[in-house]
Structure formats: C-alpha cells, structure tokens
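Visitor: Please take me through this model. I want each label set against its cut-off.

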Amino acid sequence: MAGHSKWANIKRQKARVDAVKGKVFAKISREIIVAARQGGDPAGNFQLRTAIEKAKAAAIPNDNIERAIAKGAGKLGAGASELEFIRYEGYGVGGVAILIEGLTDNRNRTAADLRVAFSKNGGNLGETGCVSWMFDQKGVVTLTGPIDEEKLLETLVEAEAQSYELTPVNDTDGAEVYTEITNLEQLSQVLREHKFYVVEAEWRWIPNNIIEVNDIEKARLLMKLMNGLDDLDDIQNVTANFELSDACYQALYNE
C-alpha cells in the first residue's frame with residue numbers, strides 16, 4: 001500500500017494549494033450536500049459527520065458548512081437532488097488501472113471532460129467493470145503523530161482493524177489504519193477514545209495488485225493524468241494501482 005500512501009500524501013499537499021483556489025471548498029461542500037440527504041443531524045449521520053470534519057480541517061467557514069447541510073436536507077430548494085454519484089474506470093500509460101468517483105449534475109459533460117484528460121496523458125477511458133475488480137473498498141482512518149506503535153497495535157485489536165501503515169501525514173509522523181467499510185465508524189471512535197489524533201476517516205478503494213513505475217517519463221504522464229482528473233470540478237476521488245519508485249517520487253516531488 002506504500003504507493004497509494006504516496007499518492008495520498010501528494011493529494012494532501014495539493015489540497016493545501018487548491019484550498020486557496022476554492023477547489024477543495026467546492027468538493028467538500030458537495031460531499032456535505034449529498035451526505036445531508038440522509039439526514040441533516042451529524043450526530044446520527046456518520047457520513048455527514050466525517051464530511052464536516054474534513055471541511056473544518058480545510059478551514060471552510062461554518063456558514064458555508066451550514067449552508068451545504070441545509071441544501072442537502074432540502075431546506076434551500078432542490079439543488080441537492082440534481083447531483084448524482086458517478087464512477088468511471090480507465091487505464092493510464094503502462095496499463096495502470098484508474099478508478100474515478102464523482103458527483104455531477106451533467107453526466108455528458110463529466111464523461112467528455114474525462115475523455116479529454118485521459119487522451120492528453122496517454123490513457124483511455126474504459127468500460128464499466130474494466131478495472132474495478134482490481135480494487136477492494138476499505139475504511140481508512142488517517143492519524144497524525146507522534147505515533148506510539150505499541151499503543152496503536154493494542155488499540156487496533158480492540159477496534160477490530162485489519163492492518164496499518166506508518167506513513168508521514170502533513171509533513172509529520174502519521175499512520176493509515178485499514179478496516180472493513182462497515183467498521184469505519186467504530187474504528188474512528190475507538191482511536192479517538194484512546195487519544196489518537198484522527199485527521200480523516202473515509203471509504204477508499206485499495207488496489208490489490210501494484211504496478212511499479214521506474215521510468216520518469218511514464219511517472220510524469222501518470223501524475224499529470226492523476227492531477228488532471230483530480231482537478232475536474234465533478235470528480236471527488238481518483239485511485240490508481242501504481243507505485244512510483246523512490247527515485248521517481250523524489251524527482252517529481254522536487255520539480
């Protein structure tokens with residue numbers, strides 16, 4: 001899972017830049033709107049609660065959060081009903097599998113934008129089901145440190161987690177903890193009770209096979225594609241099954 005963690009870290013760094021441009025605000029607001037369809041009270045809606053926590057971590061003003069909740073709950077007209085969940089699948093250079101999820105009010109526009117992004121960067125949009133079988137959906141809780149690994153192990157047994165990985169988060173020590181999607185809320189709660197700092201709790205697609213990328217030109221194309229997809233307004237999450245070699249990662253990180 002190391003390659004996925006690298007991409008997660010790149011996305012977090014990118015998010016801090018995008019927040020200035022308002023992109024993160026718009027994407028998280030959409031998550032809140034859709035989550036609030038299931039009920040506008042965060043206490044009884046875990047999906048809404050996690051979206052609100054993500055919004056606060058991104059410094060989204062409380063007024064914006066409350067407005068998104070109200071819109072999703074149907075208190076500000078029917079705008080929320082226009083958004084629908086979408087999933088697309090495709091391939092990047094070298095046969096890398098890419099899974100894309102989003103929220104859109106216009107499927108034709110989204111599909112056209114995706115085709116352009118793929119074609120510009122050596123990839124192609126595929127049929128439904130062409131790559132999703134290569135991924136498993138997991139619950140992932142991201143922690144920031146310092147991490148007491150012995151205490152973490154004891155806590156994860158109690159919380160019925162599956163695995164964990166120590167990885168830098170927001171330029172400090174951290175960890176990602178993996179569990180079944182139905183156990184995500186319990187895992188997040190137990191970790192908080194044991195005084196771990198939870199940055200994020202989310203459902204994430206995890207690749208079950210990894211393609212290692214050692215060629216810098218292929219690495220550049222793949223990262224341009226991933227960033228291009230992630231930049232689309234309708235796209236919420238992009239996941240791929242490649243891992244950059246340390247040399248490629250450092251080269252791209254320093255560019």
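Guide: E150 lies in helix α6, residues 149-159. Helices are DSSP runs of H or I with at least four residues, strands are E runs of at least two, and both are numbered from the N terminus. The model is predicted: local features need pLDDT of at least 70, side-chain atom pairs count only at pLDDT 80 or more, and totals for chains, interfaces and linings use all residues. Residues are numbered from 1 along each chain as its sequence is written, and side-chain values use heavy atoms, with hydrogens and water left out.

Visitor: Why is E150 called exposed?

Guide: Its relative accessibility is 58%. Exposed means over 50%, buried under 20%, and partly exposed in between (1.4 Å probe, protein chains only). So E150 counts as exposed.

Visitor: What makes the negative surface patch?

Guide: D148, E149, E150 and E154 form it. Asp and Glu count as negative, Lys and Arg as positive; His and the chain ends are not counted. Patch residues have over 30% relative accessible area and no salt bridge; like charges are joined within 9 Å, and nonpolar side chains (Val, Leu, Ile, Met, Phe, Trp, Tyr) within 5 Å.

Visitor: Why is the contact of K27 with D230 called a salt bridge?

Guide: The closest N and O atoms are 3.9 Å apart. The definition asks for a side-chain nitrogen of Lys or Arg within 4 Å of a carboxyl oxygen of Asp or Glu, so the pair of K27 and D230 qualifies. K27 is in helix α2 (residues 23-36) and D230 in helix α8 (residues 216-231), 203 residues apart.

Visitor: How do you know whether K27 and D230 are buried or exposed?

Guide: K27 has a relative accessible area of 13%, so it is buried. D230, at 10%, is buried too.

Visitor: What joins R30 to D234?

Guide: A salt bridge, at 3.3 Å from N to O. R30 is in helix α2 and D234 in the loop between α8 and β9, 204 residues apart. R30 is buried because its relative accessible area is 18%. D234 is at 5%, and therefore buried.

Visitor: Which strands form the open sheet, and in what order?

Guide: The order is β3-β1-β2-β9, with antiparallel pairing. β3 (124-125) and β9 (235-240) are the edge strands, since each pairs on one side only.

Visitor: How do you know that β1 pairs with β3?

Guide: Two bridges join β1 (residues 84-91) to β3. Pairing needs at least two DSSP bridges between the strands, so β1 and β3 pair. G90 has L125 in β3 as its bridge partner.

Methods. Areas by Shrake-Rupley, 256 points an atom, 1.4 Å probe, with all protein chains shown as cover. Charge placed at Lys NZ, Arg CZ, Asp CG, Glu CD.
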